[in-house]
Amino acid sequence: MATIIVNDNPIEAPEGAPLLEVLRRAGIYVPSLCYLEGLPPYGGCRMCLVEIEGARDLQLACTSRVSDGMVVRTDTPHVVDERRVVLSLILANHPDRCLTCHRVVKCRPGDTCLRDDLVSHRCVTCSRDYRCDLQTACDIVGMAGYEPWLDELRTYYRTEPPPADRANPFLEFDPQMCILCTRCVRACDEIRHTGAITLAERGWESRIAFGAGGAVHESNCDFCGACINVCPTATLMEKPNKWAASETEGWVPTACAYCSVGCTISLGVKRGRAVIVRPDPSNPVSDDQLCIRGRFHYDAVRDDDRLAEPLLRRDGELAAASWDEALEAATSRLAAIREEHRPEAIAFLGSPFATNEENYLLQKLARAVIGSNNVGSSGGAVIDAVGQSLRRAFGTEVLPADMSGLAKARTILVVADDLESSHNVACLRVKDAVVRNGARLIVVTPRWGELCDFAQVWLRPNPGQEAHVLAALAQALLQGERPAASLKESPLVGLEDLAKSKAPPLSADLTDLVSQAALTLAEAARQPPGERRIAIVYAVSHLGAQTAGTLTAAVANLAILCCGPDEAARSLFVLPPEVNVWGLQDMGVTPGLLPGYRPVEDEGARQEVEKAWSISPPSAAGLGFREALAASQEGRIRAMVVLGDNPLFVAPDKGWVKSCLSSLDFLMVIDSLLSDTARLAQVVLPDVGVFGKDGTYTSADRRILRLRSAVGPIGQARPAWRILSELGTALAQRLGLDGSAWQYASPAQVMDEIASLVPLYRQARYSELESGAQQAFADIQPAAAALQPLSLEPTAAGEGLVLTSNRTLYTSWEGATIHSPEADKLHREEFVEMNAADAAALGVEDGQEVVLANERGELTIRAKISDSVLPGSVFVPLYYDGGAVTALFGHEDALARVRIAVKAIA
Ligand code: SF4
Ligand code: SF4
Ligand code: SF4
Ligand code: SF4
Ligand code: FES
């Protein structure tokens, strides 16, 4: 440590630390308009001048390093004068607005201004007022209202201001405000690894340009918003609520709801509405980054689109009803069906979009009140298959891998359709590892995604052959030099069976690439334990349970082979698609497992649950989603209670699903939107949106994320935990049970019950979660590590093109749920992607409408010709038109086959 003297006060700091950061941490303000913490200094704005004893001239604090005995002054008249000179040069080409307007002495905070708005800080004619680094710098060095150019013509008035770009829905670019600090350029390049912004031209012509200099939305910008965060002026601003957000009344830390990375966000609120999102760095995985979904999807649907009152079906139509009427209808119908057809005639669907507390209450309602283990979700088959493979490998599906270490990995294998789109911030951490630490990256995917450009080896199998490639990798590792020293010491369970299993042959090109990738993995695996730093990242797709199970087994095998049995589970990152898939499983929203993975058939497990519930859950195994639907066709399932799930969006074989749901005697849906599933219901109970909820989610790396209610309910909507609590009370009383056990006062109380029942959540009481996102399961280490043989068949040939579908980046889940034409505001994902060779053979032109058809249905959509997909395959975004593509998939299938024809003109 070094001791330096700053303005006569001693400060301890690490020798060699950047002086500017040391001063900032000591609470000493030094204007610094181009500095970005964590990146090398740029030294462009010249605002951070300080006096350092012994130096001839003033020095830049951002480029100076601390050395023991250094004497620094940050506030001498000379320093302040020089900063003013620098600022006057910057301001000579900056609009007046808040700085030099002649009314500046009249418009004081608290006044009502020309815009009939309240002046918060200074002039409100700029949307950055009160949150602008340049404005703050002017204030602090005494430049507010100060005109150093009196009687001089300023550049700003002598040049035509460049036009603002307001052509996209998310980001406004107003270059007349730009001070050329290049923070945005460096953030986009060095923090996001995107490089959508450049500093174009030279000298007086210098300017910030997106892509080739055109509109922002025509560049490769993916609207993550990182540049907006770092821009010190009003040049880069969020477009939604641009003005409202300048006067945010409060910031509420909560969680993003749009994928399982589980980024922590801070929601700016004004008059009960969310108006802006910023990253909340309390989460070590997301830190100061988000993707477009976290940043902008908070207002993807309007308040008017949300359900504001309960709905009851009357004369075939859903009509508004009071809460008393709706709860009475739900209670009496469920009680009557239970009475007439037994408890097993009622099924329950939870949701990975619902909180842990809500999913817990749902399965408790099913088991403790109705007496049925028929609990599942429409995505349950895929996740159950993943869970089973993990249990076979590690004895548990709860892995200790921690994504906050992903950026430090040295060798990374990514198995994902397109990680950039499905789990954006996890993908960013992989890119960090490659760009900053030189990690070697192997990507396995048939479809191009941005991450492929960062890979040392891109293994590109045909769709459906990903597991074949992984099996070939495992074989190459086994047949080559022994990959890890530890393998000799720790005999591997299942090694013989795996070595004997055969993988279908690959093409010669792919075989060569597999050998290259195997060499990379083997080299990493030969490092001593603790230094291997291998990460295997697998993003689970929505469709195809069997494929997901096989892929999970294949990645688990590779983790064990490369990392050894002790480190494998810590190195394997299994990322489910939606935010709370793991929470859904942990809470027992599965037909065979009670909360905490207790098997329903296990008497001891049921007794443990009985202690908490004062009632024993049923012992008979229940039905999952698909089995329940099949049983509905036979009249064995008569009613379904759906919490936030929307099978008509994501479940394959949509026609069959719809006919099953329609055949139920009673369907009840709790949701904040009138989804396609809710449209079929007899009773719809309005939930609040995710940003109106208190509760928790559990992220891909089992981090418990606290959701805090930031916005008020729309109309009479109530949070689902409360709806379930009221329904539980009413049903329990109707059935002669103890209704008082269901009167929860808050989700915190529900979590207390969960914490007492589910050992994984024992540290998840709200009082312990106050510090933000936590990895509450830090003490987990699976006891077992077993290799599994894979049963792989060659992909069946068939007619037509192979269709795949998956989550994409831009389309909002909520917007898609209500089929909003604005679900993808940028209209970047409203297409079927097809290879040029197939398009030419079929006579399809780019942008033309085509019809995809097979025996299950058809879909009309525009064609986008691209080499992102292989010849013989096409891709449709899963969220397009509320999951329209799932109509073409069979219930077990990760792939479908379709005929494609140009749409005939009527
Ligand atoms: S960008 Fe900042 S300094 Fe410039 S007018 Fe706006 S608030 Fe004032
Ligand atoms: S929004 Fe993100 S991707 Fe777009 S220019 Fe800014 S930093 Fe780059
Ligand atoms: S747009 Fe903003 S961040 Fe980028 S150079 Fe201009 S002022 Fe700096
Ligand atoms: S990566 Fe996932 S959790 Fe993070 S902001 Fe994007 S959608 Fe939200
Ligand atoms: S912050 Fe030091 S030169 Fe800009």
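**Charges over rings**

I started with R706, which lies over the face of Y766 at 4.0 Å from the ring centre. The criterion I used: a charge sits over a ring if NZ of Lys or CZ of Arg is within 6 Å of the ring centre and within 35 degrees of the ring normal. K864 lies over the face of F831, at 4.5 Å from the ring centre.

**Ground rules**

I noted that this is a predicted model, where local features need pLDDT of at least 70 and side-chain atom pairs count only at pLDDT 80 or more, while totals for chains, interfaces and linings use all residues. Side-chain values use heavy atoms, with hydrogens and water left out, residues are numbered from 1 along each chain as its sequence is written, and chains are lettered from A and ligands numbered from 1 in the order in which they are written.

**Aromatic pairs**

I looked up the ring pairs next and found 9 aromatic pairs in the structure. Rings of Phe, Tyr and Trp (its six-membered ring) pair if their centres lie within 6.5 Å; planes under 30 degrees apart count as stacked, over 60 as edge-to-face and the rest as tilted.

The ring centres of F173 and F210 are 5.0 Å apart and the planes stand at 65°, so I logged this pair as edge-to-face. F173 lies in strand β6 (residues 171–173) and F210 in strand β8 (residues 207–210), so the pair ties together parts that are 37 residues apart in sequence. Helices (H or I, at least four residues) and strands (E, at least two) are DSSP runs, numbered from the N terminus. F173 and F210 are both buried. Buried means under 20% relative accessible area, exposed over 50%, partly exposed in between (1.4 Å probe, protein chains only).

F353 and W813 are stacked, at 4.1 Å centre to centre with 15° between the planes. F353 is in the loop between β15 (346–349) and α9 (356–370), and W813 is in helix α26 (residues 813–817), so this pair ties together parts that are 460 residues apart in sequence. I found F353 buried, and W813 buried too. One aromatic cluster takes in F353, F649, W813 and Y879.

**The β2-β1-β5-β3-β4 sheet**

I traced an open sheet of 5 strands, ordered β2-β1-β5-β3-β4, with mixed pairing. Two strands pair if DSSP finds at least two bridges between them. β2 (9–13) and β4 (59–60) are the edge strands, each pairing on one side only. Strands β1 (residues 2–6) and β5 (residues 71–73) run parallel, joined by 2 bridges. I5 stands opposite V71 in β5. Helix α2 (residues 77–91) lies across β3 (49–52) and β5, running at about 150° to β3.

**Around β31**

I checked burial in β31 (residues 849–854): 5 of its 6 residues are buried, so the strand is mostly covered. β31 and β32 (residues 857–865) run antiparallel and share 6 bridges. A hairpin joins these two strands through 2 residues. V850 has I861 in β32 as its bridge partner. β31 also pairs with β34 (residues 896–902), antiparallel, over 4 bridges. There, A853 has R899 as its bridge partner.

**Whole chain**

I counted 27 helices and 34 strands in the protein chain. Of its 906 residues, 61% count as buried. The radius of gyration, taken over C-alpha atoms, is 29 Å, which agrees with the value near 29 Å for a compact globule of 906 residues. That globule rule is 2.2 Å times the number of residues to the power 0.38. The C-alpha atoms fill a box of roughly 90 × 70 × 65 Å along the principal axes.

Terms used: Contact = heavy atoms within 4.5 Å. Axes fitted to C-alpha atoms, helices over the stretch in contact; angles between N-to-C directions.
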